[in-house]
Amino acid sequence: MKTCLVVDDSRVIRKVARRVLEDIGFEIAEAADGVEALAWCRAAMPDAVLLDWNMPVMNGIEFLRHLRGEPGGDAPIVVLCTVENKIDRIREALDAGADEYIMKPFDGDIIAAKFAEAGLL
Amino acid sequence: MDLLAALARQRAGLRIESDKAYLVESRLNPLARREGFESIEAMVAALRAKREERLIWAVVEALTLNETAFFRDREVFAHLRDELLPALSRLPRERPIRIWSAACATGQEVYSLAMTAAESREIAPGARFEFFGSDISERCLEKAQSGLYTQFEVQRGLPIRLLVKHFENQDEMWAISPRIRQAVRWRRINLLSDLSSLGKFDAILLRNVLPGMDPAVQGRVIESLAARLEDDGVLLLGAREALQGVSAVRPTGVPGLFARDPSFSAAA
């Protein structure tokens with residue numbers, strides 16, 4: 001079973017994303033900010049990361065840059081999932097190493113479509 | 001319900017099943033509101049009393065299915081990018097390669113085609129494409145032509161790299177680039193009408209349309225589209241759509257892809 005790390009400071013969003021991703025066959029781990037997420041990745045690199053942008057302690061883009069510098073950190077498929085919806089911000093995320101990008105609000109269909117797009121399904 | 005089904009069948013060849021009343025309701029409710037009626041029943045009563053052409057068409061338009069998405073069926077677009085568009089680009093033509101998305105709804109399919117052509121690396125050098133989008137619904141065409149899509153729409157099927165490459169933010173919407181928008185020409189077309197003035201096409205797409213049509217008109221629509229194909233032209237239906245009793249086109253082995261039959265010449 002593929003693993004997906006869901007990184008979001010909102011417990012509600014994590015819960016919704018978990019339900020959707022479990023339905024499409026992922027095993028889920030959760031983190032509430034970039035530092036927690038990085039600790040998870042160092043312990044066990046996931047197949048996929050669903051990543052919020054704006055979070056306390058360490059935001060999603062900082063996490064992503066750190067991740068891509070880690071040993072094995074280029075392997076996970078990273079899908080941003082954020083309210084940021086300006087094209088310059090999306091470009092910034094892609095430049096930092098994101099594979100796909102979801103603009104909130106999302107639903108199950110969008111997550112499934114984007115994960116398929118990213119080659120995860 | 002019977003009146004509505006009959007109108008949809010006569011005017012647009014649509015199949016409205018009598019057990020799908022909820023679908024009819026969900027499609028007609030917004031129209032009834034826009035037209036200032038208290039209910040669908042009131043609108044139907046007015047239809048019966050006056051038979052006003054404009055209202056009849058508004059109702060038929062509202063009953064058409066316009067479910068669509070960018071890059072709907074990813075395998076089909078991968079095939080278009082890697083095989084079909086490159087093959088079409090090598091056809092011996094003095095003019096641009098003409099591709100028609102018949103029943104294009106709000107335009108996502110034909111814009112996806114234009115983006116696919118821009119992305120394909122196998123297109124013959126110097127080949128040019130002309131894309132055509134048509135639909136029976138004026139409202140759909142207006143939206144298609146505007147090239148403006150909601151955040152929800154651009155997240156159904158469109159890879160993020162293509163969003164970044166071919167779209168810009170415009171207030172709360174996403175606007176497709178002038179380059180892609182200008183690659184497409186639009187026209188309101190009822191597929192039941194005489195199509196002979198449209199010229200010839202190298203490929204016609206009619207995906208996910210036939211299943212919503214009255215079986216009695218399906219063969220006629222296929223024949224009149226086949227008559228608009230060049231001798232070496234192709235017709236692309238939905239991957240799971242089969243044709244029975246139609247001699248104008250024959251299967252190619254690729255799901256949904258049909259070639260014009262060389263012996264077909266009816267009304268061409």
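Residues are numbered from 1 along each chain as its sequence is written, while chains are lettered from A and ligands numbered from 1 in the order in which they are written. Because the model is predicted, local features need pLDDT of at least 70 and side-chain atom pairs count only at pLDDT 80 or more, whereas totals for chains, interfaces and linings use all residues.

**Exercise 1. Determine the order of the elements in chain A, and whether its radius of gyration agrees with that of a compact globule.**

Begin with the elements, where helices (H or I, at least four residues) and strands (E, at least two) are DSSP runs numbered from the N terminus. Chain A has five helices and five strands, and from the N terminus on they run β-α-β-α-β-α-β-α-β-α.

Next, take the radius of gyration over C-alpha atoms and apply the globule rule, 2.2 Å times the number of residues to the power 0.38. For 121 residues a compact globule would have a value near 14 Å, and the 13 Å of chain A agrees with this. The C-alpha trace of chain A spans about 35 × 30 × 25 Å along its principal axes.

**Exercise 2. Find which residues of helix 2 of chain A are buried, and where they lie around the axis.**

In helix 2 (residues 34-43) of chain A, the buried residues are A:Gly34, A:Ala37 and A:Cys41. They cover an arc of only 60° (from the directions from the helix axis to the C-beta atoms), which puts them on the same side of helix 2. An α-helix has 3.6 residues a turn, so residues three or four places apart point the same way.

Then turn to the other side of helix 2 of chain A, where A:Ala39 and A:Ala43 are exposed. Finally, the buried residues of this helix pack against strand 1 (2-7), strand 2 (26-31) and helix 3 (60-69) of chain A.

**Exercise 3. Describe how domain 1 and domain 2 of chain B are placed and how many residues are in contact.**

Domain bounds, which come from an automatic or database domain assignment, divide chain B into domain 1 (2-63) and domain 2 (74-267). The centres of these domains, taken over C-alpha atoms, are separated by 28 Å. With contact meaning C-beta atoms, placed from the backbone, within 7 Å, six residues of domain 1 of chain B are in contact with 12 residues of domain 2 of chain B.

Terms used:
Buried ≥ 20, exposed ≤ 12 C-beta atoms within 10 Å, placed from the backbone. Contact = placed C-beta atoms within 7 Å.
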